[in-house]
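Welcome! Please take a moment with the sequence and the model before reading on.

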Amino acid sequence: VKLADYLLEHFEDKKNGGFYFTADNHETLIQRPKFFTDESIPPGNAVAAHALNRLGLLLAEPKYIIAAERTLKAAWEMMNQAPSAHNSMIHSLEEFLQPPDVLILRGETAEIEKWQHAVIEKNYDPHRLSYKIPHDMADLPVALQNYRYDNKTTAYVCRGTQCLAPIYSLEDLLQQLS
């Protein structure tokens with residue numbers, strides 16, 4: 001969250017969308033470039049859009065999702081003109097348009113690992129993000145504190161920024177996911 005907020009504060013092009021390669025507090029340069037095209041590594045804008053969208057979904061925080069959307073809009077014409085040069089941006093766009101389901105598991109570490117392995121073995125979905133949050137983890141963002149642990153392993157299945165009722169048994173979770 002701190003890194004995402006720093007990115008938004010110091011690197012975002014608030015007028016045109018996307019993110020500059022250098023921060024606003026960097027020494028003065030002739031220009032502040034923004035990279036959208038794939039090179040030997042994905043461009044920072046594609047990585048930022050992807051990460052901000054996922055963070056926004058996990059925390060149900062619109063400012064991150066909106067920043068991801070503005071970045072994708074800034075790259076739209078480039079993606080249309082040369083899609084093969086913008087694979088990472090297109091991947092970020094795909095996940096933005098069809099957000100993955102999110103599975104959040106709370107409980108004792110060994111138990112939530114068991115649940116996660118059972119889900120992967122019996123109901124694997126490459127478009128589902130799975131997060132294990134041990135019951136004793138401290139300093140969680142406020143949004144993640146809402147995924148409570150009431151002395152029993154608990155699963156939350158979320159689509160977009162909406163979550164279903166908590167699930168307290170592995171069998172019910174597997175049935176919900178099927």
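What follows is a short tour of cores, pockets and salt bridges.

## Before we start

This is a predicted model, in which local features need pLDDT of at least 70 and side-chain atom pairs count only at pLDDT 80 or more, while totals for chains, interfaces and linings use all residues. Residues are numbered from 1 along each chain as its sequence is written, and side-chain values use heavy atoms, with hydrogens and water left out.

## The nonpolar cores

A nonpolar core here is a set of buried Ala, Val, Leu, Ile, Met, Phe, Trp, Tyr and Cys residues joined through side-chain atoms within 4.5 Å. Buried means under 20% relative accessible area, exposed means over 50%, and partly exposed lies in between (1.4 Å probe, protein chains only). The largest core holds 33 residues, and F19, L52, Y64, M89, I104 and L144 touch the most other members. Two or more residues each come from helix 1 (2-10), helix 2 (44-59), helix 3 (62-81), helix 4 (87-97), strand 1 (101-107), strand 2 (128-134) and strand 3 (154-159). Helix 2 gives the largest share of this core, 8 residues. Helices (H or I, at least four residues) and strands (E, at least two) are DSSP runs, numbered from the N terminus.

Which residues does L144 contact, leaving aside its neighbours within four places in sequence? They are L58, L59, R106 and I133, where contact means heavy atoms within 4.5 Å.

## Two pockets

Rolling a probe the size of a water molecule over the atoms shows where empty space is left. The search uses a 1 Å grid over the protein atoms alone and a 1.4 Å probe; a pocket is an open set of points with protein on both sides within 12 Å along at least five of seven lines, and lining residues have an atom within 4 Å of a point. A volume is the space filled by probe spheres set on the points, which are joined across faces, edges and corners.

The largest pocket has about 440 Å³ of space. Of its 22 lining residues, L7, G44, N45, V47 and A48 lie nearest the centre. Helix 2 gives the most to this lining, with 7 residues. The lining has 18 nonpolar, 3 polar and 1 charged residues; Ala, Val, Leu, Ile, Met, Phe, Trp, Tyr, Cys and Pro count as nonpolar, Asp, Glu, Lys and Arg as charged, and the others, Gly among them, as polar. The second largest pocket has a volume of about 180 Å³. Its lining includes R54, H91, E94 and D101, and divides into 4 nonpolar, 3 polar and 5 charged residues. Helix 4 supplies the largest share of this second lining, 3 residues.

## Salt bridges

The whole structure has 10 salt bridges, each a side-chain nitrogen of Lys or Arg within 4 Å of a carboxyl oxygen of Asp or Glu. One of them joins K63 and D5 (3.1 Å, N to O). Because K63 lies in helix 3 and D5 in helix 1, this pair ties together parts that are 58 residues apart in sequence. K63 is partly exposed, with a relative accessible area of 39%.

R70 and E12 also meet through their side chains (3.5 Å, N to O). R70 is in helix 3 and E12 in the loop between helix 1 and helix 2. Is E12 buried or exposed? E12 is buried, at 15% relative accessible area. Salt bridges that share partners join E12, K14 and R70 into one network.
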